[in-house]
Amino acid sequence: MIDAEPRPPGLRRRATRQARGISAVSLLLTVVVACGWIPGVVGTAVAAVLPWLGLVLLALLLTALLRARRVMVLILVPALLWLLALAPALPAPATPAPGPSASTLTVMSQNVRAHSGGAAASATELAAGGADVIALTELDGESLSAAQQALAEEYPYAYAVGTVAVWSRYPFSTTEPLTLGLGWKRALRVEVQSPQRQVAVYVLHAASVRPGHQHDRDTMLQGIAAQVAADPAAAIIAVGDFNAPSTDPSLAAMRSEADWVRPTDGTLGFTWPAAFPVVRIDHVFVRGLDVIASRTVRAGSSDHLATVTTVR
């Protein structure tokens, strides 16, 4: 038997450096993904990039396969942790189409971007998509008036508070502005009298997140979770711009009170920015309702995609 010729020292040193580099990146990814469970700005930042870390893991795996197979097992740790962290945001399995006798309600929601001049176009396109309820956020006075004119005939029931508004084909039994712990109103609650049952609809425009300025958003997200927790309604749907990525720890309270609606179109449902969506910050939560379909669509000239959710 002839022994294999040993590799030159230079190749051995290069292989060792590559193995150490892959090990160091694996450790760094493990730490980064684990930080996604930390409340506050750290958790928000990690949640925003979490889906895209899968590409880094894939590149790392391929590099290890080609250059340093003996350290491939180390990549399993960040990979499994990444899957665990991303699991709550993964698409939902396909849902059977409802029968002809099933009663459904389609709710569409979009941040129309204040002062963009696109609110009327968004409202018109969402109405053409068959919405029963349309919720718009980040409205200024001019865009609110434009949306009202576009929807008045087909959606005679409307309610607006601050930067949010909702229109419906069906009457409201109650309407209520919500401050959610802040000094101004950027949320509302209405009860829609659909043909089959009464549905409580929440519309939220959470405060923006900027470095060092996250308290207002977190206060609002805690506030809407508390409102839903205390709500006696049997059927609830909450929509709007939550300004929080899908796995953000700040959504934990809301997730504990209602079901986060997963996209059913096989995507992660990214909504922002509309030109090339990289993160989902516009969400839908339900309680006491069965989700038939959930997806995103382009409407108007907003920098957000709209969410479209049909419930039974």
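**Labels and their cut-offs**

Guide: Gladly! Histidine 283 lies in strand 10 (residues 282-287), where a strand is a DSSP run of E with at least two residues, numbered from the N terminus. This is a predicted model, where local features need pLDDT of at least 70, side-chain atom pairs count only at pLDDT 80 or more, and totals for chains, interfaces and linings use all residues. Residues are numbered from 1 along each chain as its sequence is written, and side-chain values use heavy atoms, leaving out hydrogens and water.

Visitor: Why is histidine 283 called buried?

Guide: Buried means under 20% relative accessible area (exposed is over 50%, partly exposed in between; 1.4 Å probe, protein chains only). Histidine 283 has 0%, so it is buried.

Visitor: What makes the approach of alanine 244 to histidine 283 a polar contact?

Guide: A polar contact is a pair of N or O atoms within 3.5 Å; within protein, one must be able to donate a hydrogen and the other to accept it, and residues adjacent in sequence count only if both atoms are side-chain atoms. The backbone oxygen of alanine 244 is 2.6 Å from a polar side-chain atom of histidine 283. The histidine 283 side chain also reaches the backbone oxygen of arginine 280, at 3.3 Å.

Visitor: How do you know that the buried residues of helix 5 line one face?

Guide: The buried residues of helix 5 (residues 141-151) are Ser143, Leu144, Ala147 and Leu151. Down the axis they fall within an arc of 100°, so they line one face; the arc is that of directions from the helix axis to the C-beta atoms. On the other side, Gly141, Glu142 and Gln149 are exposed.

Conventions. Helices (H or I, at least four residues) and strands (E, at least two) are DSSP runs, numbered from the N terminus.
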